Amino acid sequence: MTTFDDITPKTIEVLRANSAVVGQLDWLFINRDLNGRVRFIVPESVEMSDVCREQVEALYDVLADRIAPHAYPKGSGILYESSREQVCLGVSAFLFGDFTNVWLIDRLATESHWETIADEAPGAPRIVFFSIKGGVGRSTALAASAWTLARQGKRVMVLDLDLESPGLSSALLPPDRQPEYGVADWLVEDLVDNGDAVLDSIYATSDLQTAGSIYLIPAHGGDPGEYVSKLGRAWMPKATHQATLETWANRLNRLVNRLEDMLKPDIILIDSRAGIDEVAAACVTDLGAHAVLLFAIEGQQTWTGYRVLFSHWQQRGVITQIRNRLQLVGGLVPDDERRTEYLTALRGNSFALFEDTYDEVEPGEVSDWSFEEDDDNAPHAPLPIRWNRGWYGLLSLQQRMVQVDESEVNAVYGVLLNFLGRDVGKEHME
Ligand SMILES: Nc1ncnc2c1ncn2[C@@H]1O[C@H](COP(=O)(O)OP(=O)(O)OP(=O)(O)O)[C@@H](O)[C@H]1O
Ligand SMILES: [Mg+2]
């Protein structure tokens with residue numbers, strides 16, 4: 001029996017066993033469709049040559065037998081195309097196994113694939129707060145970071161992109177300061193070219209006592225309105241006047257760019273959705289983040305989740321592109337005698353996760369890290385955030401932020417704040 005996970009290894013096996021046929025092709029695409037069924041896409045020239053066509057057909061037949069029901073029936077499993085460029089229009093293709101002329105096209109029902117890593121955005125550093133699991137203190141850490149950076153005189157732009165379970169805005173804004181609209185409104189208005197109508201009303205400034213300013217763009221406005229109906233449309237691609245589709249990740253990027261032009265922040269903090277989720281993918285891979293903070297609490301579920309992501313990035317050959325921007329954060333670290341043991345376990349598991357990616361750094365590539373397990377500056381070294389009674393189960397984080405003082409924030413978030421100042425701030429904010 002063949003199940004989904006057998007498709008790749010069995011296909012590689014069949015292609016290797018027939019390397020003479022594969023080797024003579026200019027290119028071959030393994031097209032895995034939405035239902036997880038495989039077809040070949042090969043050059044039209046193959047169809048013209050009887051010998052070549054029969055060889056490829058025979059090869060496909062062998063594969064179809066091996067991976068059924070994850071292949072099209074013999075006789076309908078080969079598509080012919082004029083050029084490689086034609087095949088790749090609007091899709092991402094990745095080199096398959098260790099072949100140099102075979103690519104995989106993996107068509108997903110979701111728009112985001114986690115595998116196209118946008119270049120770092122020019123302008124203010126974009127810092128994404130991400131975690132595999134929810135409830136690990138991500139939004140609270142973001143609020144504390146925004147507050148501290150603003151105390152240092154920075155203009156801080158904060159985006160709540162956890163649209164499905166928003167909450168950050170209430171942490172930083174009292175109810176009477178909530179703006180009229182939020183991110184979801186802009187995304188929906190943009191579909192009918194009306195984004196500008198709400199752009200001026202989707203942010204508010206915080207009234208916390210800081211030298212700089214916090215500009216908060218919440219998920220929804222003070223009155224969420226028909227939020228569920230908006231949310232169901234927010235992530236739509238947009239039909240453009242040129243009859244093409246603009247991905248919603250692109251639309252989101254347009255929004256962030258517009259806001260950045262308008263508000264001129266020194267730094268942009270983004271509260272991402274948790275988990276292996278489409279919206280999270282846009283935050284982590286599509287927005288040109290300078291740093292992606294991976295929040296983790298010690299436990300099997302955390303590492304299984306992160307491992308799934310890392311192995312996907314590895315398989316698609318993009319791990320080195322993204323890895324330079326990743327930084328592990330240890331959330332809710334016990335504040336008692338368990339602390340050392342907890343942090344040691346966290347660091348060990350984190351190192352095990354990153355270790356393979358360190359091997360893939362090209363020889364001679366400049367790096368600041370030694371990549372040893374005990375290197376505190378390496379991306380796997382958890383930036384610990386202490387569990388602290390004062391931050392636990394707050395009725396109102398906003399009220400907490402009004403009363404908080406610097407030493408208290410530093411005691412809990414100091415290491416993270418150092419990181420933000422050190423690694424992100426240095427080239428952009430001076
Ligand atoms: N340093 C801390 N010490 C103690 N409790 C904390 C700390 N940080 C956050 N908490 C508490 O943990 C809970 C979850 O925090 P928070 O909402 O920031 O997490 P999150 O990761 O953003 O969650 P979600 O996935 O739901 O968005 C809250 O009750 C919060 O008060
Ligand atoms: Mg949150």
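Predicted model: local features only at pLDDT ≥ 70, side-chain atom pairs only at ≥ 80, totals over all residues.
Where is the place of Lys264? Lys264 sits in the loop that links helix H11 (248-263) to strand E12 (267-271).

**Backbone details in the loops**

The phi angle of Lys264 is near 50°, a positive value in a residue other than glycine. Lys264 counts as exposed, because 12 C-beta neighbours lie inside 10 Å and the exposed class takes residues with 12 or fewer. Asp193 also has a positive phi, near 55°, and again the residue is not a glycine. Its place is the loop between helix H8 (183-191) and helix H9 (195-199). With 11 other C-beta atoms within 10 Å, Asp193 is exposed. A further backbone detail concerns a proline: the peptide bond from Ala68 to Pro69 is cis, with omega near 5°. Pro69 belongs to the loop between helix H4 (50-67) and strand E3 (78-81).

| Residue | Other C-beta atoms within 10 Å | Class |
|---|---|---|
| Asp193 | 11 | exposed |
| Asn253 | 18 | partly exposed |
| Ala144 | 25 | buried |

**Domains and the sheet**

The protein is divided into domain 1 (4-106) and domain 2 (126-428). How far apart do the C-alpha centres of domain 1 and domain 2 lie? The separation of these centres is 40 Å.

Next comes an open sheet of 8 strands, with mixed pairing and the order E8-E9-E7-E12-E6-E13-E14-E15. E8 and E15 are its edge strands, each pairing on one side only. Strand E9 (residues 213-217) is largely enclosed by the rest of the structure, because 4 of its 5 residues are buried. Strand E7 (residues 155-160) pairs with E9 in the parallel sense over 5 bridges, and Met157 stands opposite Tyr215 of E9. Strand E8 (residues 204-205) pairs with E9 too, in the antiparallel sense and over 2 bridges. Here Thr205 has Tyr215 in E9 as its bridge partner.

The bridge partner of Arg126 in E12 is Ile268.

**The cores and helix H6**

In soluble globular proteins, nonpolar side chains tend to be buried together. The largest nonpolar core in this model has 90 residues, and Val128, Ala146 and Val158 have the most contacts inside it. Which helix gives the most to this core? That is helix H6 (residues 138-151), with 8 residues. Leaving aside neighbours within four places in sequence, Ala146 is in contact with Val156, Val158, Leu172, Ile214 and Leu269. Another core, of 20 residues, lies apart from the largest one, and its members include Leu15, Phe40, Phe96 and Val102.

Ala144 is likewise in helix H6. Ala144 counts as buried, because its 25 C-beta neighbours inside 10 Å meet the cut-off of 20 or more. Not counting residues up to four places away in sequence, Ala144 touches Val409 and Tyr413. The C-alpha atoms of Ala144 and Glu406 are separated by 9.9 Å, although these residues are 262 residues apart along the chain.

For another pair, Asn253 and Gly317 are 64 residues apart in sequence and 24 Å apart in space, C-alpha to C-alpha. Asn253 is found in helix H11. Beyond its neighbours within four places in sequence, Asn253 is in contact with Asp286 and Leu287.

**Around ligand 1**

How many residues surround ligand 1? There are 21, and the closest are Gly134, Gly137, Arg138, Ser139 and Thr140. H6 and strand E15 (383-386) are the elements that give two or more residues to this shell. H6 gives the most, with 3 residues. By class, the shell has 9 nonpolar, 9 polar and 3 charged residues.

Definitions and conventions
Residues numbered from 1 in each chain as written. Chains lettered and ligands numbered in written order. Core = buried A, V, L, I, M, F, W, Y, C linked by C-beta atoms within 7 Å. Contact = placed C-beta atoms within 7 Å. Near = placed C-beta within 6 Å. Nonpolar A, V, L, I, M, F, W, Y, C, P; charged D, E, K, R; others polar. Domains from an automatic or database assignment. Pairing = 2+ DSSP bridges.
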